[in-house]
Amino acid sequence: MRLLNASGCLDALTAPDVAAGLDTFVTKTVTPLPRGGNDPVRIAETEVGMLNAIGLANPGIDAFLTHVLPRLPRPVWVSVGGFSVRDYTEICERLEGEDVAAIELNLSCPNVDEAPSGGGEVVAAARAATTKPLYAKLAPTADVAENAQAAEAAGAGGLSLVNTVKGLALDERTLRPVLARGAGGLSGPALRPLALAAVHACHQATRVPIVGMGGVSRGRDALELLAAGASDVALGTVLFSDPGAPARIRAELEAELAAHGFADPDNIVGAAHEAEASTLDLESRVGRKKGLHTRANVAG
Ligand SMILES: Cc1cc2nc3c(=O)[nH]c(=O)nc-3n(C[C@H](O)[C@H](O)[C@H](O)COP(=O)(O)O)c2cc1C
């Protein structure tokens, strides 16, 4: 199991110590042209999580390649976004010769009006444009398993689950939306059961590895995403309030695993799918799956 950050939730250049606590750094989504993003207010807190409407603010691929990418820690995944299939393929092509371990295709940003439709089409075009591993990042919609299957069929080697979902906060006094844009992407604790359900459904529906994220703030949350079928876990909103989260969550996860009788987090991947799991025989049955978390060699 690797611990990553969720795209857009950590700036490795201003917080290198936090990034050093992760196994892989994931960039904020990069688009072909620079974007200032949406007008402020772009962040709001709710009792159950955070709303953001950043709107893919980023320096654009030219400045990213020149000024940002060379200074980022390795291994690094680059999150790629756009408003047309060509936007995605252009960035994939530009990254081809770079020291980038994987590309995460952001197919699910709730904060832009002109998002591309047809995730499968974007993945297929990106697949043709790069030799790098491709992760399709999806939102926890009702059809997430179908979207995941379409992404897998189009050549995605993995899934990043989940992106935020649209939420709205109203000002206590004026009853107007707090965010200038109106609605924003809801992240944090409220997203956790949705993320678990999406990971659970996509583990059943596909054979590719899954990076699980959405409301992880404790080792127990990471444990549950692994049990639902994620093989890696990413931290998002928690990093804004607790820069020590990577080390803390790792330690808590280790304790959770030990309490369930597991030495290795890879052994618990998919445990929630085991029929009639009992604490006594869980390890031996799940243990048989060890090594299959890449899921490339599953028969059938
Ligand atoms: C402030 C903020 C900015 C984000 N920016 C991006 C982004 O650029 N690209 C992306 O794919 N996801 C972005 N996300 C979504 C996160 O990567 C993640 O999918 C989501 O927040 C769920 O995880 P969490 O509940 O642990 O935060 C952003 C989330 C937040 C809170």
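Strand E3 and strand E4 (residues 49-52) are joined by four bridges and pair in the antiparallel sense. Pairing here requires at least two bridges found by DSSP between two strands. Helices (H or I, at least four residues) and strands (E, at least two) are DSSP runs, numbered from the N terminus. Within this pair, threonine 46 has glycine 49 of E4 as its bridge partner.

The model is predicted: local features need pLDDT of at least 70, side-chain atom pairs count only at pLDDT 80 or more, and totals for chains, interfaces and linings use all residues. Residue numbers start from 1 along each chain as its sequence is written.

E3 and E4 belong to an open sheet of four strands, ordered E3-E4-E10-E9, with antiparallel pairing. At the edges lie strand E3 (43-46) and strand E9 (165-167), each pairing on one side only. On average, neighbouring strands of this sheet are turned by 40° against each other, direction ignored. Axes are lines fitted to C-alpha atoms, for helices over the stretch in contact, and angles run from 0 to 180 degrees between N-to-C directions.

Helix H4 (residues 119-129) packs against helix H5 (residues 144-153) at an angle of about 20°, with the axes 8 Å apart. H4 is therefore roughly parallel to H5, a term for angles under 35 degrees. The residues in contact (C-beta atoms, placed from the backbone, within 7 Å) are listed below.

| Helix | Contact residues |
|---|---|
| H4 | Gly119, Gly120, Val123 |
| H5 | Asn147, Ala150, Ala151, Ala153 |

By class, this contact of H4 with H5 has four nonpolar, three polar and no charged residues. Ala, Val, Leu, Ile, Met, Phe, Trp, Tyr, Cys and Pro count as nonpolar, Asp, Glu, Lys and Arg as charged, and the others, Gly among them, as polar.

Notes:
Parallel < 35°, antiparallel > 145°, perpendicular 65-115°, else oblique. Contact = placed C-beta atoms within 7 Å.
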